[in-house]
Amino acid sequence: MRMSLSKPLSVLAIPAFADNYLWLIHDDINAAIVDPGDAGPVLEVLRDRKLTLTAILLTHHHADHVGGVPALLEKYRVPVYGPHNPAIAGITHPLSEGDRFTVPELGLALSVLEVPGHTLDHIAYVADEPGWLFCGDTLFAGGCGRLFEGTPAQMVESLAKLAALPDRTAVYCAHEYTLSNLKFAREVEPQNNALLARFDAEQKKREQNQATVPSFIGLEKSTNPFLRYTEPAILDRLTSVGRLANREATPAFAALREWKNAYR
Ligand SMILES: [Zn+2]
């Protein structure tokens, strides 16, 4: 819990590129940015809302997550938190599994999870209070990141760490991929009523140009096939489409991910 008397914190989605969300954690005075792939829209929001940047938080090395760091550092000399990856320029506070720190001036306590799979350096940030997860490209609403660097076994372990968070945890992922993820999810699990209801609700949001993110861990556990691949119905489906020879967890996850890669 925050012990200061300042206003409660909010999280603002800053859209960037085609479908990225850069997450701005802020009060009335200060702000921290998660994964600033582009500095322009961040500087614009800081200026419009008269906020001072106090920290940069990075989840992994991809350009659409770190590209804006140099330009932000030109204007704001702030600490940069991120993974132990010398390929990312500007990190002042390299972080490992279990590390805890407080975001400067915002008083938000965060802990770090190592979640390799999408990339090997990928980390996620968890705020137990108020229950926020910043997970970059690891867990998406209705899906998960592609395995560019890690193995299915690594991603299985990483997603299990995220699924173990409380159901009420808000999932701030980095892309608006929800509808295309849920179309695939429906193909995988056509009898899941929670999923069908979610698809309709998220589709309405998109029709009104609203973000479908953040999601919640509880909702992901009931609708996201990449957290549900050991469900008998999903194992049956993978077997019936000829993608799974046994019913073991990691091969099932790998088969599901490969199916999604090929799905249009
Ligand atoms: Zn990425």
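Predicted model: local features only at pLDDT ≥ 70, side-chain atom pairs only at ≥ 80, totals over all residues.
**Zinc site**

I started at the metal: the 4 donor atoms around the zinc ion subtend angles of 91 to 165 degrees, so I have the arrangement down as irregular. For my own check, four donors pass as tetrahedral if all angles lie between 85 and 135 degrees.

Next I looked up who the donors are. I found His60 through NE2, His62 through ND1, His118 through NE2 and Asp137 through OD, with distances of 2.1 to 2.3 Å. I wrote their sequence spacing as H-x1-H-x55-H-x18-D. His62 sits in the loop between strand 4 (52-57) and helix 2 (63-66), and His118 in the loop between strand 8 (108-114) and strand 9 (123-127), so this pair ties together parts that are 56 residues apart in sequence. I also looked up burial for these two: His62 is buried, and His118 is buried as well.

**Whole chain**

Then I stepped back to the fold. I get 9 helices and 14 strands in the protein chain. Its radius of gyration is 18 Å, close to the 18 Å the globule rule gives for 264 residues, so I call the chain as compact as a globular protein of that length. The C-alpha trace spans about 55 × 40 × 35 Å along its principal axes.

**Packing and surface**

Of the 264 residues, 52% are buried. For contacts with a separation of 6 or more, I noted that 58% come from residues 24 or more positions apart. Last entry: the accessible surface of the chain comes to about 11700 Å², and carbon and sulfur atoms own 52% of that.

How values were computed. Residues numbered from 1 in each chain as written. Heavy atoms only, no water. Donors = N, O, S within 2.8 Å, 3.2 Å for Na, K, Ca; no water. Tetrahedral: all angles 85-135°; square planar, octahedral: opposite > 155°, others 65-115°. Helix = DSSP H or I, 4+ residues; strand = E, 2+ residues; numbered from the N terminus. Buried < 20%, exposed > 50% of the residue type's maximum accessible area, 1.4 Å probe, protein only. Rg over C-alpha atoms; globule rule 2.2 N^0.38 Å. Contact = heavy atoms within 4.5 Å. Areas by Shrake-Rupley, 256 points an atom, 1.4 Å probe, with all protein chains shown as cover.
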